[in-house]
Amino acid sequence: MSIYIVSSIILLLVLLAAYALISQAIERRRVHRQRLLTALKVRQRNFRHMLTGFPPHFLSGDLMTVVYRALIDTCEQLHKLEPSDATHAADLQLLSDQLNAIKQSTNTQRVRLENPEQIKEVRQHLQELYRFVAQQEALKALTKVQAAAFMDQIKRLALQSSVDGHVAQAKKAQQLGKPRLAIHYYGLARKLLLPENANHAYDKQIAQLSGLITKLEQHATHPATAEADGEGTESAAEDTNKTSTSLNKEWDKFGDEDEWKKKQLYD
């Protein structure tokens, strides 16, 4: 009789252990699913912000395709996790139609930025896009050649956004009748382009900036004007250099492998 009791106890313990293991596995699966849903929805939100944050035709067709592919892939995964949510299927159809429209677009005119807040927002989106491309390369979703081409385009856009910011400030200074302040900002814009002009891609733009600086230097010859304008230049130069330094430090992180590896959003 005691043998049956012992056997029953052992069987009960085995069943309890099996139940505990199954419960833990189910809970881990639930937690993993919830984390994945959260990460996908955050990615979806961020890339939607990109679509509205970038001015129309600011990104090249290739980069816009990267953004749309990321959104489409995210919607597909969300649809698998939440098949009862009809919005995912609707989003997939809408994004696919928009992607096809972009592929047929042939616009190549560069978009110039003039609003400081817009420039700041654009740079943030470019950083997010840069990290995404780097992670896609690490996950073997993009080849090294593809990723390098995309990263180069993103860096060029970031450079141009900074140049556009300085040019906008220079134009504003000209409107206020401060030629020396305008010279200062045009000089900052030219200074950003010179180190990146090894392949002479910015020859025309540098020449235009140099021409503007020369004309303004010829105009800003009156002592009274120079003295009044110089006070504004000194103050503006200090603020601009701080901003430029901050942006440069921020952008330097784009190439830092350890920086983007800390971002686990897209894993």
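Reply: A nonpolar patch joins nonpolar side chains within 5 Å of one another, and its residues must each have over 30% relative accessible area and no salt bridge. In this predicted model, such a patch of about 480 Å² is made by Ile-5, Ile-9, Leu-12, Leu-13 and Leu-16. One of these residues, Ile-5, lies in helix H1, which covers residues 2-53, and Ile-5 is partly exposed because its relative accessible area is 45%, a value between the limits of 20% for buried and 50% for exposed.

Turning to the buried residues, Thr-74 is found in helix H2, residues 61-81, and Thr-74 counts as buried because its relative accessibility is 0%, where buried means under 20%. The side chain of Thr-74 makes a polar contact with the side chain of Arg-43, at 3.3 Å. If residues up to four places away in sequence are left out, Thr-74 touches Leu-40 and Gln-44 as well as Arg-43.

A polar atom of the His-125 side chain lies 3.5 Å from the backbone oxygen of His-49. Again without residues up to four places away in sequence, His-125 touches His-49, Met-50, Gly-53 and Phe-54.

Terms used
Residues are numbered from 1 along each chain as its sequence is written. This is a predicted model: local features need pLDDT of at least 70, side-chain atom pairs count only at pLDDT 80 or more; totals for chains, interfaces and linings use all residues. Side-chain values use heavy atoms; hydrogens and water are left out. Patches are made of residues with over 30% relative accessible area and no salt bridge: like charges are joined within 9 Å, nonpolar side chains (Val, Leu, Ile, Met, Phe, Trp, Tyr) within 5 Å. Accessible areas come from the Shrake-Rupley method with a 1.4 Å probe; for residues, only the protein chains shown count as cover. A salt bridge is a side-chain nitrogen of Lys or Arg within 4 Å of a carboxyl oxygen of Asp or Glu. Helices (H or I, at least four residues) and strands (E, at least two) are DSSP runs, numbered from the N terminus. Buried means under 20% relative accessible area, exposed over 50%, partly exposed in between (1.4 Å probe, protein chains only). A polar contact is a pair of N or O atoms within 3.5 Å; within protein, one must be able to donate a hydrogen and the other to accept it, and residues adjacent in sequence count only if both atoms are side-chain atoms. Contact means heavy atoms within 4.5 Å.
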